[in-house]
Amino acid sequence: MITTVVGSYPVVFKEKLSFKEKILDIFGLYDKYKYAIEIAVKDQISAGINIISDGQVRGDMINIFTKNMYGFDENRVISKVEFMKPITLKDILYAKNIAKKINPNVEIKGIITGPCTLASSVRVESFYTDNKDENLIFDIAKALRKEVEAIKNYVSYIQIDEPILSTGFIDFDIARKAIDIITKDINKEFAMHVCGNVYNIAEELYKFNVDILYHEFASNKKNLEILETIPKKIGFGCVNTKSRKVESVDEIKEVINSGLEILKNNPNFNKSKLYIDPDCGMRLLSRDIAYNKLKNMVLAAKSI
Ligand SMILES: [Zn+2]
């Protein structure tokens with residue numbers, strides 16, 4: 001079974017800078033996040049993850065994107081939203097380069113925050129009416145499509161994070177149109193991560209133009225029921241990222257097995273369609289806890 005992550009990893013800064021780094025730092029030229037990416041990549045590979053991320057260390061999932069697009073001032077919308085420059089490309093290439101030296105078989109995924117989640121998380125002050133304005137959502141989607149075009153040749157697939165969809169705040173037809181703007185005619189696999197309770201909206205999610213659906217199953221047992229009908233590849237969240245307790249290998253195995261048991265009844269399913277991953281991003285955990293959760297998850301997946 002393929003193992004992967006949802007995206008974010010605890011951000012670790014270097015404690016003692018070298019002389020050269022100190023000088024660079026004085027002139028504002030030292031990029032402290034490069035070390036954080038290095039740690040995220042090395043830890044994921046050492047834990048045995050097959051498809052890693054760059055750790056998404058440069059900020060939360062909203063401001064990584066808003067601060068690099070036209071139309072935003074911090075998290076306020078002040079004018080028409082447009083693509084400015086590739087946002088995640090540099091970090092993907094840096095992460096890939098580190099990974100290649102340790103294990104050339106490790107792949108990396110591209111991750112973007114979805115247009116509905118971005119639109120819902122900002123303060124709309126100008127140009128658009130409110131957070132649900134479809135012009136805002138579609139303009140963000142158009143900008144994200146350019147980001148996808150910039151990174152697509154360097155990643156194994158692209159994941160769109162749309163946690164807002166489980167809240168019922170967004171109209172699904174608008175959300176699907178927005179995802180279509182991003183994915184249409186782009187020759188790449190797409191995944192969508194929606195955490196939270198998706199049991200009641202599963203049928204809506206199946207209609208999205210993506211190949212893989214990533215959901216949480218460790219902290220949300222009700223979600224397991226969708227496995228009987230899900231028609232796509234599955235990102236199976238089997239480690240609780242909200243809890244600081246490191247689950248044992250046996251505990252994680254139990255979650256995976258309970259999923260496999262239900263998947264037996266799904267005619268669309270075979271094991272090559274299963275990606276084993278944590279429920280959500282790991283940014284808020286300590287490095288030690290995040291690493292051990294990943295390590296135990298890989299051991300559990302391997303033992304099945
Ligand atoms: Zn999530």
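Where is the place of Asp185? We get to that in the last view. Everything here comes from a predicted model, where local features need pLDDT of at least 70, side-chain atom pairs count only at pLDDT 80 or more, and totals for chains, interfaces and linings use all residues. Residue numbers start from 1 along each chain as its sequence is written.

View 1. Seven strands line up as β1-β12-β11-β10-β9-β8-β6, with parallel pairing. Strands here are DSSP runs of E with at least two residues, helices are runs of H or I with at least four, and both are numbered from the N terminus. Two strands count as paired if DSSP finds at least two bridges between them. At the edges stand β1 (2–3) and β6 (110–113), each with a single partner strand, so one side of each has no neighbour in the sheet. Zoom in on β1 and you find 2 bridges to the parallel strand β12 (residues 274–277), with Ile2 opposite Tyr275.

**View 2. Met297 in the core.** The largest nonpolar core has 87 residues, and Ile140, Met192, Cys238 and Met297 touch the most other members. (Such a core is a set of buried Ala, Val, Leu, Ile, Met, Phe, Trp, Tyr and Cys residues joined through C-beta atoms within 7 Å.) Buried means 20 or more other C-beta atoms within 10 Å of a residue's own, exposed means 12 or fewer, and partly exposed is in between, with C-beta atoms placed from the backbone. Skipping neighbours within four places in sequence, Met297 is in contact with Thr3, Cys238, Val239, Ile252, Ile276 and Pro278; contact means C-beta atoms, placed from the backbone, within 7 Å.

**View 3. Helix α9, one side in and one side out.** The buried residues of α9 (residues 249–263) are Ile252, Lys253, Val255, Ile256, Gly259 and Leu263. They span an arc of only 160° around the axis, so they sit on the same side of α9; the arc is that of the directions from the helix axis to the C-beta atoms. On the other side, Asp250, Asn257 and Glu261 are exposed. The cover over the buried residues of α9 includes β11 (233–237), β12 and α10 (287–302).

**View 4. Two loop residues with positive phi.** Phe127 isn't a glycine, yet its phi is about 70°. Phe127 lies in the loop between β7 (123–124) and α6, and is partly exposed, with 15 other C-beta atoms within 10 Å. As for Asp185, its place is the loop between α7 (172–183) and β9 (190–193). Phi of Asp185 is near 60°, and Asp185 is exposed, with 5 other C-beta atoms within 10 Å.

Terms used. Two residues are in contact if their C-beta atoms, placed from the backbone, lie within 7 Å. The expected span of a helix is 1.5 Å times one less than its number of residues.
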